Every structure is written in C-alpha cells, then in structure tokens.
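Dear colleague,

I am handing over the structure below, with the sequence alongside it. My notes on what was found in it follow directly after.

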Amino acid sequence: TLTLTLSPEADDRTLVGAWTEAGVLDLGRWPGARYRHNDERDIYAGSAGSWQTPAVALRTRAGAVRVVRR
C-alpha cells in the first residue's frame with residue numbers, strides 16, 4: 001500500500017494525483033480529490049485535473065493507493 005498523508009494546508013495548495021491499473025484507491029479521508037476518472041487503462045483521482053501536472057504523483061499497477069488528510 002502506498003500512503004500519502006497531507007496536512008490541511010498542503011491539501012489546499014498541493015496538486016496531487018493517484019493512479020492504479022488494477023488496484024484500489026482509498027480516498028475516504030481525502031476531501032481534495034475533486035477530479036476522478038475510470039477508463040480501460042486506469043483509475044485516477046486527484047486534486048489536479050487531467051490538464052494539470054500534479055506536484056505529487058502516486059502510481060501503482062496493483063495494490064492500494066491511500067491518501068489521507070492529517
């Protein structure tokens with residue numbers, strides 16, 4: 001499992017993207033995940049839209065990506 005913990009300040013200012021090909025995105029405690037998509041290649045969620053480059057990128061082919069707010 002990849003886990004990223006964001007402080008409340010960073011959650012509002014840092015663009016984050018999380019991708020998985022065949023895993024799970026655990027976003028239950030991340031209110032900043034405003035953009036989401038699920039297509040034939042991967043599942044994505046993040047505070048960065050598809051036209052932006054996130055400052056922090058978490059990617060996995062399997063397993064879980066977990067983003068939480070401290």
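This is a predicted model: local features need pLDDT of at least 70, side-chain atom pairs count only at pLDDT 80 or more; totals for chains, interfaces and linings use all residues.

As to the fold, the secondary structure consists of 1 helix and 7 strands, which follow one another along the sequence in the pattern β-α-β-β-β-β-β-β. The radius of gyration of the protein chain is 11 Å, close to the 11 Å that the globule rule gives for 70 residues, so the chain is as compact as a globular protein of that length. Taken along the principal axes, the box filled by the C-alpha atoms is roughly 35 × 25 × 15 Å. Of the contacts between residues at least 6 apart in sequence, 66% join residues that are at least 24 apart.

Turning to the interior, buried residues make up 40% of the 70 residues in the chain. The largest nonpolar core has 12 residues, namely L4, L6, V16, A18, L25, L27, W30, A33, A45, L58, V65 and V67, and at least two residues of this core come from each of β1 (2-6), β2 (16-20), β3 (24-29) and β7 (64-69). One of the core residues is L27, which, if its neighbours within four places in sequence are set aside, is in contact with A33, R36, A45 and V67.

With kind regards

Notes: Residues are numbered from 1 along each chain as its sequence is written. Side-chain values use heavy atoms; hydrogens and water are left out. Helices (H or I, at least four residues) and strands (E, at least two) are DSSP runs, numbered from the N terminus. The radius of gyration is taken over C-alpha atoms; the globule rule is 2.2 Å times the number of residues to the power 0.38. Buried means under 20% relative accessible area, exposed over 50%, partly exposed in between (1.4 Å probe, protein chains only). Contact means heavy atoms within 4.5 Å. A nonpolar core is a set of buried Ala, Val, Leu, Ile, Met, Phe, Trp, Tyr and Cys residues joined through side-chain atoms within 4.5 Å.
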